[in-house]
Amino acid sequence: MGEIRLLAPTAILGYGFPIESFKKAMDLKPHLIGIDAGSIDPGPYYLGKGKSFTDRTAVKRDLEIILEAAVNEDIPVLIGTAGGSGAKEHVDWNEEIIKEIAHENDLSFRMARIDADFSKDFVMTKQNAKEITPLTGVSSLTREDIENTNRIVGQMGIEPFQKALVEGARVILAGRAYDPVCFAAKPISEGFDPGLSLHLGKILECAAIAAKPGSGRDCMFGILKDDHFTLFPLGNERSCTPDSVAAHSLYEKSDPFHLHGPGGELDLTETKYEQVDEKTVKVSGTKFVEKPYAIKLEGAKLVGYRSISIAGTRDPVMIDNIEDIIQKVKDSVYDNFGKTEGTLNFRLYGYNGVMGALEPSPNKGHEIGIIIEAVSKTQELANTVLSFARSTMLHIGYEGRLSTAGNLAFPYSPSDIEAGEVYEFSIHHLIENIDPVKTFPIKIEDIGGK
Amino acid sequence: MSEAKLRDVAKVIRSKNAGPYQLTFDIIFNSKEDLEKVKRGKSLTPGLVANLYGFSEDKVLGIHFYPPADAIKITVLREVSSGGVNDTDVYGAQQHAPLLDAKVKLA
């Protein structure tokens with residue numbers, strides 16, 4: 001069967017990569033460049049709002065280098081989870097960047113755009129048919145959850161990418177996709193083992209993070225054969241080792257042996273990692289176990305608007321009394337505006353700001369950073385609640401107080417910052433009995449074209 | 001049987017989200033022997049993790065020993081989903097500290 005050579009330039013489109021590494025990788029004649037462009041890790045805001053968490057200039061920089069090289073060498077470029085979250089607005093944003101690059105650099109290629117949005121009506125129908133199940137830690141979906149969700153995307157598998165390749169696409173820009181598929185779709189089409197293809201994709205989607213030292217902004221190269229794959233980083237200072245690759249295989253996953261994806265799971269119980277040379281590791285034994293086809297849905301809903309104020313205290317008497325003071329400020333705000341006007345929250349850095357309720361040793365330092373935060377149903381109301389809480393806390397009297405001029409140190413003027421919309425994840429469920437291809441519309445377009 | 005702090009036998013102790021509703025901890029040991037000693041010591045249990053973090057044992061979804069990486073993976077339910085209004089750590093990347101000084105038996 002021979003081999004297929006895969007290049008991952010960067011862990012997330014827009015994270016960057018050294019030109020030297022990329023040139024070295026291109027000299028090895030990759031058959032495919034794969035780029036995972038998104039993640040659910042930055043939280044619900046970006047999906048809910050339809051904005052990218054990566055910067056436009058940084059994304060354009062990466063894509064310009066990749067597209068120019070790939071189009072000249074006729075190497076397909078497969079992008080998954082465009083624009084960070086992979087909803088329509090994110091794909092639009094990324095598509096515009098690609099077209100701008102093609103125009104400015106006089107590049108022509110066939111492009112496929114694959115969307116991953118799910119309509120609320122469709123999800124409601126599937127919910128009524130009992131074909132939606134919650135993932136661990138999540139409640140069953142309600143009509144209200146669906147109605148309140150701003151955007152719903154589903155993680156596509158390899159199938160829409162494979163169809164776009166058959167239709168001659170040389171650049172594939174996809175919405176929300178299971179992370180490994182931009183690497184695994186082509187090799188699986190060509191008959192390579194799905195378990196090895198997806199496992200290699202799972203490592204490559206983070207580029208050189210699986211090397212030592214790890215980096216999300218450096219290139220990684222994978223070579224897939226019929227019964228194993230090898231991989232190595234391109235940066236001179238990096239190497240892959242069996243433990244760096246094995247440790248990465250369990251990164252961000254709940255179970256190191258079974259990794260779930262559309263249509264089945266990766267079984268790593270028999271996987272072997274061996275050092276081949278100084279930089280290269282060989283991996284074998286990973287299996288793909290087919291399961292009934294299901295797609296993971298993600299959705300986020302708007303829960304309000306936020307305003308924050310950043311302050312600190314260096315007064316030991318105040319620090320001793322901080323819980324009482326916060327309670328008094330809250331009582332005072334609720335007395336003035338009623339308790340229904342949203343959430344008022346105090347984050348105490350230097351005390352329990354990082355771990356909150358999980359903090360096992362809430363020792364107060366000699367100073368405490370305080371973020372006062374109001375979340376309300378409108379921005380105006382959040383501003384009002386925050387402003388009232390901030391001025392109350394600044395001047396409130398407390399047991400043993402000596403410092404009667406003011407309780408808080410503010411590093412900024414204005415002290416109050418509008419932080420805008422607040423979203424929460426509202427859908428994290430599996431949808432069953434679904435067509436792996438037709439669910440994700442593919443639009444083919446010839447770009448440039450002289 | 002002896003006892004050690006995890007930070008003295010591990011080279012990596014990290015936390016991260018595994019999706020928005022779960023936190024996962026990776027403890028990667030200095031050697032295969034150290035992983036085996038901790039495994040035989042049988043003290044790294046859901047009860048120990050629940051005590052460290054002050055939540056109930058049913059929040060601990062799994063403790064997996066993974067010899068290829070000389071690692072133990074612990075996965076727990078999140079108190080608040082990532083980025084929720086009262087969340088303190090969107091990436092879940094700074095929840096590992098109580099594990100550093102956790103005492104485990106070595107056998």
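In which strand of chain A does A:Thr313 lie? In this predicted model, A:Thr313 belongs to strand E15, which covers residues 294-313 of chain A. A:Thr313 has a relative accessible area of 4% and is therefore classed as buried, the cut-off being under 20%. The side chain of A:Thr313 comes to 3.2 Å from the backbone nitrogen of A:Asp315. Beyond its neighbours within four places in sequence, A:Thr313 contacts A:Met318, A:Ile319, A:His366, A:Glu367, A:Ile368, A:Ile370 and A:Asn407. For A:Ile370, which is 57 residues away from A:Thr313 along the chain, the separation between C-alpha atoms is 7.6 Å.

A:Gln155 is found in the loop that links strand E6 (149-154) to helix H7 (159-166) of chain A. A polar contact of 3.3 Å joins the side chains of A:Gln155 and A:Glu298. When residues up to four places away in sequence are not counted, A:Gln155 touches A:Arg176, A:Ala177, A:Tyr178, A:Pro262, A:Ile295, A:Lys296, A:Glu298 and A:Phe440.

Chain A also contains an open sheet of 10 strands with mixed pairing, in the order E12-E13-E9-E8-E1-E2-E3-E7-E4-E19. Strands E12 (272-275) and E19 (442-447) each have a single partner strand, so one side of each has no neighbour in the sheet. On average, neighbouring strands of this sheet are turned by 20 degrees against each other, direction ignored. Strands E8 (residues 220-224) and E9 (residues 229-233) of chain A run antiparallel and are joined by 5 bridges. A:Phe221 stands opposite A:Phe232 of E9(A).

Methods. Residues are numbered from 1 along each chain as its sequence is written. Chains are lettered from A and ligands numbered from 1 in the order in which they are written. This is a predicted model: local features need pLDDT of at least 70, side-chain atom pairs count only at pLDDT 80 or more; totals for chains, interfaces and linings use all residues. Side-chain values use heavy atoms; hydrogens and water are left out. Helices (H or I, at least four residues) and strands (E, at least two) are DSSP runs, numbered from the N terminus. A polar contact is a pair of N or O atoms within 3.5 Å; within protein, one must be able to donate a hydrogen and the other to accept it, and residues adjacent in sequence count only if both atoms are side-chain atoms. Contact means heavy atoms within 4.5 Å. Buried means under 20% relative accessible area, exposed over 50%, partly exposed in between (1.4 Å probe, protein chains only). Two strands pair if DSSP finds at least two bridges between them. Axes are lines fitted to C-alpha atoms, for helices over the stretch in contact, and angles run from 0 to 180 degrees between N-to-C directions.
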